[in-house]
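This briefing is intended for a reader meeting the structure for the first time. Please keep the sequence and the model at hand while reading.

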Amino acid sequence: MVEEFDRFFRAQPAICEFVMELTHESGQKVHELSLFLAYMVFRAIETETPDSVTKVTPETIEAGYRETESWMERISESEGTELQSAIAASLQRDAEPYLLQYVISELNEPMEDGTALDDEEKGEVFFVVKTVIASLQNQSKGRIIEIE
């Protein structure tokens with residue numbers, strides 16, 4: 001696994017730097033889960049893409065970050081029971097609904113030590129990984145994951 005993470009860091013240094021920088025003060029659980037999920041997204045793209053995955057630039061990450069911020073603002077306008085339906089509807093319209101569903105399912109699983117992330121930690125990891133997905137998706141043509 002260490003070799004795989006080294007390869008990920010060499011293949012996508014800007015993504016790794018982004019995740020490290022955004023989560024370095026967030027605690028070990030958030031930091032490690034964000035890196036792990038970013039790696040899993042990268043692996044999913046590698047598996048689905050016949051060509052090598054293009055290195056993401058800091059500018060592409062910045063665009064993905066702004067896209068994620070905008071998405072979060074739209075979602076946060078909903079309240080109460082509307083919130084869950086707004087999130088569900090938005091995920092279905094999203095360019096990468098299957099990757100996002102995977103991320104959400106992972107966020108709701110207990111950590112290896114049996115503890116769970118609180119809602120704020122889940123939101124932070126989600127924001128980071130959604131930005132990674134948006135950045136990598138901006139590099140590809142069409143959806144990263146297609147279900148036949």
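Is Glu4 buried, partly exposed or exposed, and what is its relative accessible area? With a relative accessible area of 27%, Glu4 is partly exposed, since the value falls between the limits of 20% for buried and 50% for exposed. The model discussed here is a predicted one.

**Salt bridges around Arg7**

- Five salt bridges are counted in the model.
- One of them joins the side chains of Arg7 and Glu4, with an N to O distance of 3.0 Å.
- Arg7 and Glu4 are three residues apart in helix H1 (residues 2-11), so about one helical turn separates them.
- Arg7 also forms a salt bridge with Glu46, where the closest N and O atoms are 2.6 Å apart.
- Because Glu46 belongs to helix H3 and Arg7 to helix H1, this pair ties together parts that lie 39 residues apart in sequence.
- Arg7 counts as partly exposed at 24% relative accessibility, and Glu46 is partly exposed with a relative accessible area of 23%.
- A network of salt bridges links Glu4, Arg7, Arg43 and Glu46.

- The side chains of Glu62 and Arg66 meet in a salt bridge at 3.3 Å, N to O.
- Both residues lie in helix H4 (residues 58-76), where Glu62 and Arg66 are four residues apart, about one turn of the helix.
- Glu62 counts as partly exposed at 47% relative accessibility, and Arg66 is partly exposed with a relative accessible area of 47%.

**Packing of helices H2 and H3**

- H2 and helix H3 (residues 28-48) pack at an angle of about 160°, and their axes are 9 Å apart.
- That angle makes H2 roughly antiparallel to H3, because angles over 145 degrees are classed in this way.
- The crossing of the helices H2 and H3 is right-handed.
- On the H2 side, Val19, Met20 and Thr23 take part in the contact, meeting Val30, His31, Ser34, Leu35 and Ala38 of H3.
- By class, five nonpolar and three polar residues make up the contact of H2 with H3, with no charged residues.

**Thr23**

- Thr23 lies in helix H2, which covers residues 13-23.
- At 0% relative accessibility, Thr23 counts as buried, because the limit for that class is under 20%.
- Leaving aside residues up to four places away in sequence, Thr23 touches Val30, His31, Ser34, Glu124 and Val128.

Conventions
Residues are numbered from 1 along each chain as its sequence is written. This is a predicted model: local features need pLDDT of at least 70, side-chain atom pairs count only at pLDDT 80 or more; totals for chains, interfaces and linings use all residues. Side-chain values use heavy atoms; hydrogens and water are left out. Helices (H or I, at least four residues) and strands (E, at least two) are DSSP runs, numbered from the N terminus. Buried means under 20% relative accessible area, exposed over 50%, partly exposed in between (1.4 Å probe, protein chains only). Contact means heavy atoms within 4.5 Å. Axes are lines fitted to C-alpha atoms, for helices over the stretch in contact, and angles run from 0 to 180 degrees between N-to-C directions. Angles under 35 degrees count as roughly parallel, over 145 as roughly antiparallel, 65 to 115 as roughly perpendicular and the rest as oblique. A crossing is left-handed if the near helix is turned anticlockwise from the far one by less than a right angle, and right-handed if clockwise. Ala, Val, Leu, Ile, Met, Phe, Trp, Tyr, Cys and Pro count as nonpolar, Asp, Glu, Lys and Arg as charged, and the others, Gly among them, as polar. A salt bridge is a side-chain nitrogen of Lys or Arg within 4 Å of a carboxyl oxygen of Asp or Glu.
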